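Hi there,

I'm handing over the structure we talked about, and my notes on it follow below. Have a look at it first, then read on.

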Amino acid sequence: MQRKARRILLPSLELTETSLPTDENVIEVNVLLDGVAVNYHVRKKFEDSTQNRIDSKPNWMGSRFNLFPVVLDRDGVPWAEANIYILSRIQSTLNPTMSTYASTADSLAAYRRFLDEKEIDWTEFPPQKQKRPTYRYSAYLRMEIAAGQIQGTTAKRHMSKVISFYTWLIEEGVLNPAHSPWKKQDRFLSFTDIHGFKLSKQVVSTDLSIKITKSTDPYDGRIDDGGKLRPLPSSEQEFLIDALIELKNTEMLLIHLIGLLTGARIQTILTMRLKHVLQLIDHIPSEEIRIPAGPGTGMDTKYNKKIVLHFPKWLYKKLHIYAGSERARLRRSRSPRKDDMEQYLFLSNRGDPFYTSKSDSAEFNSSNRRRHAKNGQAVRQFITERIIPILRLKTGDPNFHYQFHDTRASYGMNLTDCQLAQVNLGEVSLHQAREFVKARMSHESTTTTDRYLQYRSNLKIVSSINSMYHEHLIKLQAKLTENTK
């Protein structure tokens, strides 16, 4: 079986430089080269004793990484230029998110597979435009889209990463193509910011860029809120809770309850810490407990935005009780952090976090052996394998499906329904209702909030149209039957 180019993740990587045997803090490296033992010496670029880099570069510029992405060619050999490009991007970023660069490596590995399969030299740019590797790859991706072999958004990302790669090669003087890899063109984009001001900006695009036309259907039963989300009707929410109780998995039940009752995203819930639920609240008169999330709190949020989660008091008490339970203590005992206040509230039965926070990901761990990032996949797998089969039986729908993020949309609709009921009673104005939902959902723009306010009316419109169309078809069928007698 022929091997293909691919991306791998190194559990840990420390940058070194070759040195003399007499230098300080040297490490001897022994390798076999064509059956011959070769020895040489290196020094780590970061000294633990001084907490400084030895090459005089700023300390914020990373030299030690966990889950570092590497692109391999079909022979399993690292693609030098691609990997140096990825390293340069990571080093030029303060607190880089490694999953972002893993995605870049995925795109470059896809490009390398294309090059290897077609036997194309990626450095050769002949006079004929359509023979240049960049144009050939762009055409290939377009054909893959047309054949349904790849999503348009994926193809667009792959092409964009390849363009960025070549741009870096040219700027760094690594590559001097005989003919241009693409044709540049300037465009001006007009948009409206979150405050309603109309702005425009100049962007540079190429004739290689793959354009994807986004189609928005406000009547498809979903809400666009950081993704296409489907609010679960109250009956399905009840079925969901019943299923979780039947499965007797305390962590999954509490995780779903937080999603349904606070609207928090999965990365926020799974990066909650022990310290967040140890407050004694019996003396607090309010029926809600406010917990800040975002930078400085230990809980991750989308785009590092500072938000406040509103927990019903009874739910907070359940979390408080869970944190002190024997079940939670046993899981913490299997984790290196034990009962530290920065310990994650939710851990697997092996003591592993379900989601690694951005701050923890930025800390180098030389003993790391894991080759994947913890990003909530255990929760998603539990939903697919354990919860959905039960819900298909309860709903009677063999195709029933939901994603965890739908709990956020369900919270938003529950909130909206309550507010609109108050509007109908004259207790609050529509503006007040909208601002309340916007604040609780931490929306930047009222446009997103309005999608929740319009959701029910959109469903009624669709239902009414479907009913009218059905009656129309019945009348047509009756006429056809009458005329064919």
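A strand here is a DSSP run labelled E, of at least two residues, with numbering from the N terminus. Please keep in mind that this is a predicted model.

With that in hand, let's start at Val70, which sits in strand E7 (residues 64-72). Val70 has a relative accessible area of 10%, so it counts as buried, the cut-off being under 20%. Beyond its neighbours within four places in sequence, Val70 is in contact with Arg6, Arg7, Ile8, Leu10, Pro78 and Asn83.

Next, the helix packing. Helix H2 (residues 98-118) packs against helix H4 (residues 152-171) at an angle of about 90°, and their axes are 9 Å apart. H2 is therefore roughly perpendicular to H4. On the H2 side, the contact residues include Ser103, Asp106, Leu108 and Tyr111, while H4 brings in residues including Arg157, Lys161 and Phe165. By type, the residues of this contact are six nonpolar, four polar and three charged.

Finally, the cores. The largest nonpolar core has 47 residues, and Ile255, Phe311, Phe346 and Tyr402 are among those with the most contacts inside it. Helix H11 (377-395) is one of the elements that supply at least two residues, and the largest share, seven residues, comes from H11. Leaving out neighbours within four places in sequence, Phe346 is in contact with residues including Leu254, Ile258, Leu319 and Phe354. Another core, of 40 residues, lies apart from that one and includes Val71, Tyr85, Tyr101 and Tyr137.

Best wishes

Conventions: Residues are numbered from 1 along each chain as its sequence is written. This is a predicted model: local features need pLDDT of at least 70, side-chain atom pairs count only at pLDDT 80 or more; totals for chains, interfaces and linings use all residues. Side-chain values use heavy atoms; hydrogens and water are left out. Axes are lines fitted to C-alpha atoms, for helices over the stretch in contact, and angles run from 0 to 180 degrees between N-to-C directions. Helices (H or I, at least four residues) and strands (E, at least two) are DSSP runs, numbered from the N terminus. Angles under 35 degrees count as roughly parallel, over 145 as roughly antiparallel, 65 to 115 as roughly perpendicular and the rest as oblique. Contact means heavy atoms within 4.5 Å. Ala, Val, Leu, Ile, Met, Phe, Trp, Tyr, Cys and Pro count as nonpolar, Asp, Glu, Lys and Arg as charged, and the others, Gly among them, as polar. Buried means under 20% relative accessible area, exposed over 50%, partly exposed in between (1.4 Å probe, protein chains only). A nonpolar core is a set of buried Ala, Val, Leu, Ile, Met, Phe, Trp, Tyr and Cys residues joined through side-chain atoms within 4.5 Å.
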